[in-house]
Amino acid sequence: MELWYTEQHTEYVRFSIKVDKHLYSGQSEYQRIDVFEAKEFGTFFTLDGLMMVTEKDEFIYHDMIVHVPMATNLGIKKVLVIGAGDGGTIRELTRYQTIETIDMVEIDKMVVEVCRKYLPQTACRLDDPRVNIFYEDGLRFIRAKENYYDLIIVDSTDPFGPGEGLFTKEFYGSCYKALKQDGILVNQHENPYYEIYASSMQRAHQRIMEFFPICRVYQAHIPTYPSGHWLFGFASKKFDPLNLDEKAWHSLGLKTKYYNTDIHKGSFALPTYVQELLAGDK
Ligand code: SAM
């Protein structure tokens, strides 16, 4: 008998991965958590039947969500990460010795526990002494913060279920307030290809633009996410990601598998239909 993981990407589109073993299944207070083992993608985990991380392609997402803002401002010292229970974003951040503190706010402790056990590839740096983990709702946590962080990374689930509040106007306003004068906000921005995701991406972009003077969107190819075409939002009070000091980033000597400074610049060049969606033309 063959075992397949199948995800419904739209009402009419499904994506499947042949599975060798269903390693774990559990229900937390917030969501259903599953871990699978597969030949093509290695170990992967899902929340409420939606793909979060696979061993094979996680490097793309984590490189792009971390190195793009970090290379834009090498002076970043205080970082807030919201979501990110698998630890991949933290792993990449801890490679920068210049960072002093990383506050990680994950609503679901069970995600972290499951990832520590089954996904050490991403969870491996959660015990770095600079990392403080708070098990709280990111929307509530950030309300009390003011003029404190250099960088906020929103590594959340989609805007349904517990992640919904992280796509609201209130949340983006709180992020603006929690950031210093030259702060940067990066968020996972969904895919532009399928209508249901594209409309949340469009809404999120319009809301972020109400607060931040510099708002850009960049892209990456992530094979296991719906359509494979994924966007990230880059909002900033001062730093423009296109004014990149390439030499300074190279001098750090960080070895990355997806990110490089050419990809950094090129990832902000968007297809025309995406530009039109962002401009609210459709
Ligand atoms: N890379 C993934 C993706 O885009 O599919 C997201 C990774 S990470 C596993 C997302 C995490 O966000 C989940 O562990 C989830 O529990 C957490 N999360 C969802 N809503 C949250 C909230 N309101 N506050 C804090 N964390 C939240």
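I looked up Ile107 and found one of its polar backbone atoms 3.2 Å from a nitrogen atom of the ligand, a polar contact being a pair of N or O atoms within 3.5 Å. The model is predicted, so local features need pLDDT of at least 70 and side-chain atom pairs pLDDT 80 or more, while totals for chains, interfaces and linings use all residues. Residues are numbered from 1 along each chain as its sequence is written, and side-chain values use heavy atoms, without hydrogens and water.

I then checked Pro162, where a backbone N or O atom lies 3.0 Å from a nitrogen atom of the ligand. In the side chain of Glu106, an N or O atom is 2.5 Å from a ligand oxygen atom. Taken alone the ligand exposes 600 Å², and the protein buries 99% of that (Shrake-Rupley method, 1.4 Å probe).

Next I looked at the shell. I found 26 residues surrounding the ligand, with Gln31, Glu106, Asp137, Gly138 and Tyr225 the closest (a heavy atom within 4 Å). They divide into 12 nonpolar, 8 polar and 6 charged, with Gly counted as polar.

Last, I noted that domain 1 (3-53) and domain 2 (58-278) both give residues to this shell, so the ligand lies between them; the bounds come from an automatic or database domain assignment.

Key. A polar contact is a pair of N or O atoms within 3.5 Å; within protein, one must be able to donate a hydrogen and the other to accept it, and residues adjacent in sequence count only if both atoms are side-chain atoms.
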